[in-house]
Amino acid sequence: MMVEQVLLPGTGYQKIMLAPRHRARSRRPLWIIAMILLVCTMLIVLYVYPPQRYSACYLMSSHVCSPLMEWLPPVRTRVYSDDELAARVVIRDILSAPAVESKNPKIAFMFLTAGSLPFEKLWETFFLGHEGRFSIYVHASTEKPVHVSPLFIGTDIHSEKVAWGKISMVDAEKRLLVNALQDTDNQHFVLLSDSCVPLHNFDYVYNYLTGTNISFIDCFEDPGPHGTGRYSENMLPEIEKEDFRKGAQWFSIKRQHALLILADGVYYTKFKLYCRPGMEGRNCYSDEHYLPTLFHMVDPGGIANWSVTHVDWSEGKWHPKAYRTRDVNFELLKNIASIDESIHVTSDSKKVVEKRPCLWNGMKRPCYLFARKFYPEALDNLMQLYSNSI
C-alpha cells in the first residue's frame, strides 16, 4: 500500500493519506478452468444420458473411470421378456458348449431350388471319389426334381413353396438344416442355389471349411435405403436399429451355428412379422437380413462377415450378373477363384466401398469356393473347364 503526505491549508500540518493500490491482473491458468468445466460437462451428460449398451468408460481409461462410476447412477438396462430371456440362455449354452467331435466329419451340401438341378452332372464330377465325406439335401419348392446323377437320388427332403424375399425362404433354409443335423457326422453346412457351381476341387473345399472354426455368413452395415432403411421400429426392443445388418443368404456354417439358428424363435419371429416386401412402404427381405443381424447380435466374432459363394452385383441391378455360355471361360473362373478381398457397397448416396481381406485362420486366402449365377446353357462349357483345370 502506498502512503502520501498532503499539507493542510492554513495549518502547517501534514495529513497522511493512503493512495489506492493498482493490482496486477490475475494470471491464473485458464486451461485448468476449461478442463474442470469439460469434466463437469461430461459427468452431467453421463448422468442425464447414461449409455444403454456400452460402458461409459469408453471415454476414459478404466482406472480413471472406475472410481467415478461408483457414485454415478447405475446404467439403465432393459428388462427381457420371458421368451427372450429363455432364448438368450439357450443361445449362450449352445455357444459355450464344446463341439462334438466326429470320427468321420462330413460337409452337408444343401441345395435350395425350384425344381431339377441343371448342374447336377457337374456336381457329380465334384463329389465322385469322396464318398463318406459329404451329404446332399435338396429342397425343391415348386416341382419334384428329376435327378440325372445317382448321387442325388434319395436326397429330396419334404419341401414347401418358397416366395422370393419372404420368410418362407428362411423357413426352407431351416428345413434343410433340420434334415442335415440328423446326421451327427455333418459338421459343416453349405447352402447352395440351383445356379451355383464349384470353383475348386472337393479336397480344397473340404479342407477350407473344416480347417477353421468360424462360419461364413455375409454381414455388413449398410446405412442406405436397402440396408437400415428397411428396418422397422416394430422390431424393438429385441432388435435395435444399430444392430440391423445385411448380407447374401448363401451361408456356410459350422454345426454349432446351425443348432443356434434352429433354437432361435424370438428374433426369427420379429423378422417374420416385420420384415417383408411392402412392409410400411418399404421392401424388407428376411433372407438378406435375418441371419446377418442374428449373428451380429449373438456371436459377431464367430463369423467371417463374407460368404464363400461369389455373386457379382457390379451392374447395380435388382438381380446379380448372370453368366451365359459365351461368358464362361477359364479366365472368368480363374479371376473369381483368385479374389482375396470381400467388397461391400452401401446403398446410400455416398456409395461407400468397403474392402476387407479374406482372412482364414489369420492368413489372407481366396474368398470364394463357389459362384453363381450361371444359366443352364453353360453346363457343357463348365464341365469341360472343370475336368481340365480344377
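**Notebook: contacts, rings and backbone**

**Entry 1: Y386.** Setting aside neighbours within four places in sequence, I find Y386 in contact with L122, T125, F126, P198, H200, N201 and F202; contact here means heavy atoms within 4.5 Å. I note that the model is predicted, that local features need pLDDT of at least 70 and side-chain atom pairs pLDDT 80 or more, and that totals for chains, interfaces and linings use all residues. Residues are numbered from 1 along each chain as its sequence is written, and side-chain values use heavy atoms, with hydrogens and water left out.

I place Y386 in helix α11; helices are DSSP runs of H or I with at least four residues, strands are runs of E with at least two, and both are numbered from the N terminus. Y386 counts as buried because its relative accessibility is 5%. The cut-offs, for a 1.4 Å probe and protein chains only, are under 20% relative accessible area for buried, over 50% for exposed, and partly exposed in between. I also looked up the separation of Y386 and L122: they are 264 residues apart in sequence, with C-alpha atoms 8.0 Å apart in space.

Entry 2: The structure holds 27 aromatic pairs. W123 and F126 form one that is edge-to-face, at 5.3 Å centre to centre and 85° between the planes. Rings of Phe, Tyr and Trp (its six-membered ring) pair if their centres lie within 6.5 Å; planes under 30 degrees apart count as stacked, over 60 as edge-to-face and the rest as tilted.

Are W123 and F126 buried or exposed? W123 counts as buried because its relative accessibility is 2%, and F126 is likewise buried at 1%. Both rings belong to one aromatic cluster, formed by F109, F111, W123, F126, F127, F134, F152, F202, Y206 and F370.

I also checked E124, which has its place in helix α4. E124 is buried, with a relative accessible area of 10%. Its contacts, leaving aside neighbours within four places in sequence, are S149, P150 and L151.

**Entry 3: charges over rings.** I looked for Lys or Arg over aromatic faces, the criterion being NZ of Lys or CZ of Arg within 6 Å of the ring centre and within 35 degrees of the ring normal. R133 lies over the face of Y206, at 4.2 Å from the ring centre. R324 lies over the face of Y375, and here the distance from the ring centre is 3.8 Å.

**Entry 4: H257 and helix α7.** I find H257 in helix α7 (residues 255–263). H257 is buried, since its relative accessible area is 0%. Which residues does H257 touch, not counting residues up to four places away in sequence? They are L95, S215, F295, D299, G302 and I303. S215 and H257 are 42 residues apart in sequence, and I read 7.5 Å between their C-alpha atoms.

I then examined the packing of α7 on helix α5 (residues 167–181): the axes come within 10 Å and cross at roughly 125°. This makes α5 oblique to α7. Axes are lines fitted to C-alpha atoms, for helices over the stretch in contact, with angles from 0 to 180 degrees between N-to-C directions. Angles under 35 degrees count as roughly parallel, over 145 as roughly antiparallel, 65 to 115 as roughly perpendicular and the rest as oblique.

The crossing of α5 and α7 is left-handed, that is, the near helix is turned anticlockwise from the far one by less than a right angle. At the contact, K174, L177, V178 and L181 in α5 meet R255, A258, L259, I261 and L262 in α7.

**Entry 5: backbone.** Most residues other than glycine have a negative phi, and most peptide bonds are trans. I therefore recorded departures from both patterns.

The peptide bond from L236 to P237 is cis, with omega near 0°; P237 is in the loop between β7 (215–218) and β8 (252–254). R372 and K373 are joined by a cis peptide bond, with omega about 25°, and K373 is found in the loop between β15 (370–371) and α11 (379–389).

E280 is not a glycine, yet has a positive phi of about 55°. I locate E280 in the loop between α8 (266–274) and α9 (286–298), where E280 is partly exposed, with a relative accessible area of 44%. N305, also other than glycine, has a positive phi near 70° and lies in strand β9 (residues 303–305).
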